[in-house]
Amino acid sequence: NNGWMSQLEKRAKPVIERLLVDGAVTLDAADQETLALWAVKNAMVFEALRVGPAWFFTNNERRTFRESLTPPTRTNIWIAKCVEQPNAYSSALDLSGSVDGTEARMQAYVTTMAFGSLAVQVLGGKLPTDIPLATTVTADLRPGPWDRATIRIWPRPANAVNWPPAIGLAGDVGIE
């Protein structure tokens, strides 16, 4: 149990523990990266446990992640504060959508994990190869105050971020 996953768990543990204690915390760039890497690792591991559709993350993406500790392209990660969440929570969804003005389809995979006062969401997206990487992707979200309830940690913001967000997510319903 001394491989790269174990080393990442040890690296992430103090960051996560700071978030689980009530009070204000500042996450610098290194903290954000550590938490983001831990979240991607867990999303990939959780995906490997499911039965059914083909995996979203390819073997090449998994290998590259292991070797470089860099999340796959078009990966976004947010954290949120949970309130009234006594149990662990996890869910995963395959998503798809159209690319405006084309016949092309975008594929996405979202993993949401929560325990104690911390929720983490990993969203990976894939566009057809003929669409440039620099293309901005937008999504329609469920109604909600997401700008006040979540903090984006990947792609990493230019500055440190402050925890907790202004409002929390209440129980399983809030997390969903």
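What share of the contacts in the protein chain with a separation of 6 or more comes from residues 24 or more positions apart? The share is 66%, where contact means heavy atoms within 4.5 Å. This is a predicted model, in which local features need pLDDT of at least 70 and side-chain atom pairs count only at pLDDT 80 or more, while totals for chains, interfaces and linings use all residues. Residues are numbered from 1 along each chain as its sequence is written, and side-chain values use heavy atoms, with hydrogens and water left out.

**Figure 1. The whole chain.** Let us start with the overall picture. The protein chain holds 5 helices and 8 strands, taken as DSSP runs numbered from the N terminus (helices H or I, at least four residues; strands E, at least two). Their order from the N terminus is α-β-α-α-β-β-β-β-α-β-β-β-α. The C-alpha trace spans about 50 × 40 × 35 Å along its principal axes. For 176 residues, a compact globule would have a radius of gyration near 16 Å, and the chain agrees at 16 Å; this radius is taken over C-alpha atoms, and the globule rule is 2.2 Å times the number of residues to the power 0.38. Of the 176 residues, 40% count as buried (under 20% relative accessible area; exposed is over 50% and partly exposed in between, with a 1.4 Å probe and protein chains only).

**Figure 2. Aromatic pairs.** Rings of Phe, Tyr and Trp (its six-membered ring) pair if their centres lie within 6.5 Å; planes under 30 degrees apart are stacked, over 60 edge-to-face and the rest tilted. The count by this rule is 5 aromatic pairs. One of them joins Trp 38 and Phe 115, which are edge-to-face because their planes stand at 75°, with centres 6.1 Å apart. Since Trp 38 belongs to helix α2 and Phe 115 to strand β4 (residues 105-115), the pair ties together parts 77 residues apart in sequence. Trp 38 is buried at 7% relative accessibility, whereas Phe 115 is partly exposed at 25%. Phe 57 and Tyr 109 also pair edge-to-face, 6.1 Å centre to centre with 85° between the planes. Here Phe 57 sits in the loop between α2 and α3 (59-68) and Tyr 109 in strand β4, 52 residues apart.

Figure 3. The charged end of Lys 126 sits over the ring of Phe 56, 4.1 Å from its centre (NZ of Lys or CZ of Arg within 6 Å of the ring centre and within 35 degrees of the ring normal). Arg 62, in helix α3, is buried at 15% relative accessibility. Beyond its neighbours within four places in sequence, Arg 62 contacts Met 44, Glu 47, Trp 55 and Phe 57.

Figure 4. A cis peptide bond, with omega about -5°, joins Trp 154 and Pro 155. Another cis peptide bond joins Trp 163 and Pro 164, with omega about 0°. Leu 69, not a glycine, has a positive phi of about 50° and lies in the loop between α3 and β2 (75-83).
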